[in-house]
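Trainee: I have just opened this entry and would like a guided tour. Where shall we start?

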Amino acid sequence: MRLSDLPRGTDAIIDHVDDHAKTDPVARRLRELGFVPGEPVRVVATAPLGGDPLAVRIGFTRFALRRTEADRVVIHPVKELA
């Protein structure tokens with residue numbers, strides 16, 4: 001699943017960031033900002049009508065990402081414990 005597809009308010013864990021080229025500056029910058037495997041992530045807000053940007057929280061930090069940037073982040077939703 002991609003971060004761009006995660007419903008608002010749902011917790012997930014980052015699996016990896018896809019590189020679109022051998023030296024992908026956007027993917028590298030996402031990893032530098034903390035989008036690394038094992039980190040919990042949550043979409044906290046979205047633009048009206050499904051547009052850009054998405055507000056994403058990692059730890060105590062919030063980021064505004066374009067959907068094309070969020071589409072590079074592969075995640076696994078966290079399953080709720082019953």
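Mentor: With a term: buried means under 20% relative accessible area, exposed over 50%, and partly exposed in between (1.4 Å probe, protein chains only). This is a predicted model, in which local features need pLDDT of at least 70 and side-chain atom pairs pLDDT 80 or more, while totals for chains, interfaces and linings use all residues. Residues are numbered from 1 along each chain as its sequence is written, and side-chain values use heavy atoms, without hydrogens and water.

Trainee: Is R72 buried or exposed, then?

Mentor: R72 is buried, at a relative accessible area of 12%. D24 forms a salt bridge with R72 (a side-chain nitrogen of Lys or Arg within 4 Å of a carboxyl oxygen of Asp or Glu), and their closest N and O atoms are 2.3 Å apart. D24 sits in the loop between β1 and α1, and R72 in the loop between α2 and β5, so the pair ties together parts that are 48 residues apart in sequence. Those labels refer to DSSP runs numbered from the N terminus: helices (H or I) of at least four residues and strands (E) of at least two. D24 is buried too, with 7% relative accessibility.

Trainee: How many salt bridges does a search of the whole structure find?

Mentor: The search finds 7. One of them joins D11 and R42, whose closest N and O atoms are 2.9 Å apart. D11 belongs to strand β1 and R42 to strand β2, 31 residues apart, and the pair links distant parts of the chain. D11 is partly exposed at 34%, and R42 is likewise partly exposed at 24%.

Trainee: Which residue does R31 meet in a salt bridge?

Mentor: D19, at 3.0 Å from N to O. R31 is in helix α1 and D19 in the loop between β1 and α1, so this pair ties together parts 12 residues apart in sequence. R31 counts as partly exposed at 31% relative accessibility, as does D19 at 37%.

Trainee: Let us change topic. In what order do the strands of the sheet come?

Mentor: The open sheet has 5 strands in the order β4-β3-β2-β1-β5, with antiparallel pairing (two strands pair if DSSP finds at least two bridges between them). β4 and β5 stand at the edges with a single partner strand each, so one side of each is left without a neighbour in the sheet.

Trainee: How many bridges does β5 form with β1?

Mentor: Strand β1 (residues 11-17) and β5 pair over 5 bridges, and V17 has V73 as its bridge partner in β5.

Trainee: And what surrounds β3 on its two sides?

Mentor: Strand β2 (residues 40-46) pairs with β3 over 4 bridges, and V43 stands opposite V56. Strand β4 (residues 61-65) is joined to β3 by 5 bridges, with R62 as the partner of R57. β3 and β4 form a hairpin with 2 residues between them, and G59 in the turn has a positive phi of about 65 degrees. β3 itself has a covered face of L54, V56 and I58, whereas A55 and R57 make up the uncovered one.

Trainee: What lies in the loop between β2 and β3?

Mentor: Among its residues are L49 and P53. L49 is exposed, at 91% relative accessibility. The peptide bond from D52 to P53 is cis, with omega near -5 degrees. For context, most peptide bonds are trans.

Trainee: What follows α1?

Mentor: G34 follows α1, and its phi is positive, near 115 degrees.
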